[in-house]
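Please look through the structure below before reading the notes.

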Amino acid sequence: MHFETEVIKLRNHLKNQTSPYLLQHSKHPVDWYPWCDEAFARAKEEDKPVFLSIGYSTCHWCHVMAHESFEDQEVAKELNQNFISIKVDREERPDIDSIYMEACVLFTGSGGWPASVFLTPEQKPFYAGAYFPKYGAYGRIGFLDLLRAVKMRWEGDRANLLQSAQALTGQLQQVQGAAAPQLSWQHLSLQAARWFKGNFDEANGGFGDAPKFPMAHNLMFLMEYYLVNRDRRALEMAEKTLMQMYRGGIFDHIGGGFSRYSTDKYFLVPHFEKMLYDNALLLMAYTQAYSITGKEVYREVVRKTAQYIQREMSHPEGGFYSAQDADSQGVEGRHYVFACEELTSLLGETAGKKFNEYFHITKAGNFEGKSIPNRLGDGIEESAWHAGEGDYSHTEPERLLPKVYAYRKQRCQLFLDDKILTSWNGLMIGAFARMYRVFGQEGYLRQATAAYRFLNGQQKEEGALFVSWRKGVCQGRGFLEDYAFYAFGLIELYSAALDPKYLTQAQIYCRKAQELFADQERGGFYLCGEGNEKLIATPKETYDGAIPSGNSVMAYNLVKLWQITGKECWREQAAKQLDFLSAYAAQYPSGQSFSLLAALLYQNPPEHIVGVLKEERDLKKLQKLYGRDADIVVLWEENQEYERINNRATLYICRDDSCRPPVNL
């Protein structure tokens with residue numbers, strides 16, 4: 001009893017953090033530290049191992065482990081007496097997450113969150129896993145038993161533990177260098193396309209079996225591959241997957257936006273958390289699908305997803321929040337599911353019945369006795385979608401969505417991770433900019449420029465980016481993905497607005513990335529650089545997983561800067577970066593889809609247009625006629641190379657090293 005009183009009075013070291021994830025743990029009986037020198041100094045002084053827990057605020061299994069173990073007095077006693085405990089938000093510290101997630105993969109063959117890692121006071125890992133229940137079951141060790149086993153080995157077999165830690169640290173410290181490229185990018189693209197064809201789920205879309213992640217950049221590659229090679233199958237696979245994701249429960253039919261992944265092969269039952277980066281990449285993919293096919297269904301998905309971002313994920317002054325939780329009132333998916341009688345009571349018997357039929361809300365349910373709204377299994381309006389008519393959005397169930405959305409919103413609330421991450425905001429700025437180029441809606445451009453102004457207004461020194469912002473406080477010096485993704489957003493914003501300041505800033509951040517993160521000897525870019533904390537290893541990430549790697553996005557940026565500006569320095573850097581990435585693409589081509597996109601763009605540049613304009617209306621006309629696909633440079637003054645013909649706005653159009661005679665706009 002004395003111990004329980006002692007634990008309740010204990011205040012851990014997270015209360016002054018800004019991360020919503022760390023604050024969720026600030027009242028635990030566990031004596032948590034953030035990642036800091038003080039924690040490791042105490043571990044050395046008290047001769048204790050470190051328990052490192054990495055997660056994020058909207059992670060369902062992080063919540064489960066927190067409730068089962070970190071809120072538990074018995075577990076807290078074990079941790080507080082025998083370990084120094086550190087809690088890390090993976091979204092604020094991708095460097096820590098990258099290193100110790102790799103350790104987890106080396107130990108177990110897979111990764112996931114929460115990551116549970118045991119370290120020496122010198123930060124070297126000697127054991128790692130993911131979620132552990134409090135008590136063991138079905139062959140899985142319980143967390144309490146694990147803590148006691150680690151304590152016994154630390155006290156009785158430390159030499160072997162330290163040897164294991166040293167060996168693992170050596171593996172983590174192996175520096176990735178660029179092998180000589182063995183295969184051409186054309187061949188690597190062909191290999192990737194073959195892999196996708198061989199693993200395509202004909203019935204349900206997507207690739208492989210459950211769980212299925214959206215991986216929008218894979219679909220973007222397939223659509224670009226179709227445009228370059230006229231491989232109809234590549235487009236068919238992308239379209240089938242995009243349609244199944246939209247029809248399934250992974251898309252929120254009531255409020256818009258996509259969940260992180262599907263737990264089944266049908267895209268029906270999602271893992272209900274919504275991440276900003278997924279929605280940014282999916283907005284780009286559906287926009288690309290509309291640009292290629294003209295099918296109205298893709299415009300509708302973009303409209304609904306953009307509406308979700310604007311009303312639930314946007315800061316009033318610009319900038320985009322990070323994520324929404326999977327759980328409501330401690331229950332996964334509660335916010336999103338319905339019982340039949342709920343909706344007939346809300347909408348009336350007749351309208352409610354139609355609504356339930358339209359969204360497959362049944363008495364039996366499809367998720368723990370209730371129903372996730374979906375459109376799977378029906379062919380309704382398929383002909384209208386293919387004809388581009390789009391009148392399906394005016395059916396009675398669709399018109400009732402605002403009422404159902406308002407009811408759902410007041411029924412139970414979702415936790416919002418309201419930190420603003422520079423990297424993910426760069427992706428969303430890029431998405432809204434692309435949407436403006438394709439759909440021409442001014443609201444999309446306003447959303448992108450508002451986010452740019454917000455982020456730009458927080459900068460304390462020119463060319464230096466922060467990791468995250470929350471409630472007026474900027475956290476952390478930027479990592480590679482902050483520079484790469486934000487430069488990507490700026491390049492897309494320039495292509496949409498044709499305002500040279502965005503292009504100028506994109507070049508500044510790409511040069512800064514070269515300065516801070518480039519490996520001048522071996523090629524490629526490190527995740528962290530001169531301004532970041534020195535850890536036991538320096539990761540160099542190349543795999544395009546749930547989110548593209550910073551190296552892949554940098555390749556894309558360098559290619560675009562060369563093609564827009566025509567500067568040889570950017571071409572040389574783009575070629576060097578693609579050479580570096582080709583060695584990794586050769587090992588696993590389908591895991592390098594964003595690199596493949598960059599290579600396809602490098603080899604198949606769009607039209608390049610220089611417009612010598614006179615009036616503001618010339619700019620609008622140029623955007624309308626050519627803004628969707630071409631790289632455009634706008635000049636307001638004539639020079640020796642580019643002059644106005646007939647004293648009117650004049651275009652100089654080039655493609656594949658061949659230029660047409662100048663024409664008036």
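A crossing is called left-handed if the near helix is turned anticlockwise from the far one by less than a right angle, and right-handed if clockwise. The model discussed here is predicted.

**Helix 9 and helix 25**

- Helix 9 (residues 185-198) crosses helix 25 (residues 593-603) in a left-handed manner.
- The two axes come within 10 Å of each other, and the crossing angle is roughly 135°.
- Helix 9 is therefore oblique to helix 25.
- On the helix 9 side, the contact is made by Trp 185, Gln 186, Leu 188, Ser 189 and Ala 192.
- On the helix 25 side, Ser 595, Leu 596, Ala 599, Leu 600 and Gln 603 take part.
- Sorted by class, this contact has six nonpolar, four polar and no charged residues.

**Helix 11 and helix 12**

- Helix 11 (residues 232-247) packs against helix 12 (residues 276-293) at an angle of about 125°, and their axes are 11 Å apart.
- This angle makes helix 11 oblique to helix 12.
- The crossing of these two helices is left-handed.
- From helix 11, Leu 235, Glu 239, Leu 242, Met 245 and Tyr 246 meet residues of helix 12, among them Leu 282, Ala 285, Tyr 286 and Ala 289.
- The contact of helix 11 with helix 12 has nine nonpolar residues, one polar residue and one charged residue.

**Aromatic rings**

- The structure holds 47 aromatic pairs.
- Phe 258 counts as buried because its relative accessibility is 1%, and buried means under 20%.
- Tyr 286 also counts as buried, because its relative accessibility is 1%.
- In the pair of Phe 439 and Tyr 444, the ring centres are 6.5 Å apart and the planes are at 75°, so the pair is edge-to-face.
- Phe 439 and Tyr 444 are both buried.
- Ring pairs also link a cluster of residues, including Trp 32, Phe 51, Phe 70, Tyr 127 and Trp 154.

How values were computed: Residues numbered from 1 in each chain as written. Predicted model: local features only at pLDDT ≥ 70, side-chain atom pairs only at ≥ 80, totals over all residues. Heavy atoms only, no water. Axes fitted to C-alpha atoms, helices over the stretch in contact; angles between N-to-C directions. Helix = DSSP H or I, 4+ residues; strand = E, 2+ residues; numbered from the N terminus. Parallel < 35°, antiparallel > 145°, perpendicular 65-115°, else oblique. Contact = heavy atoms within 4.5 Å. Nonpolar A, V, L, I, M, F, W, Y, C, P; charged D, E, K, R; others polar. Phe/Tyr/Trp six-rings, centres within 6.5 Å; stacked < 30°, edge-to-face > 60°. Buried < 20%, exposed > 50% of the residue type's maximum accessible area, 1.4 Å probe, protein only.
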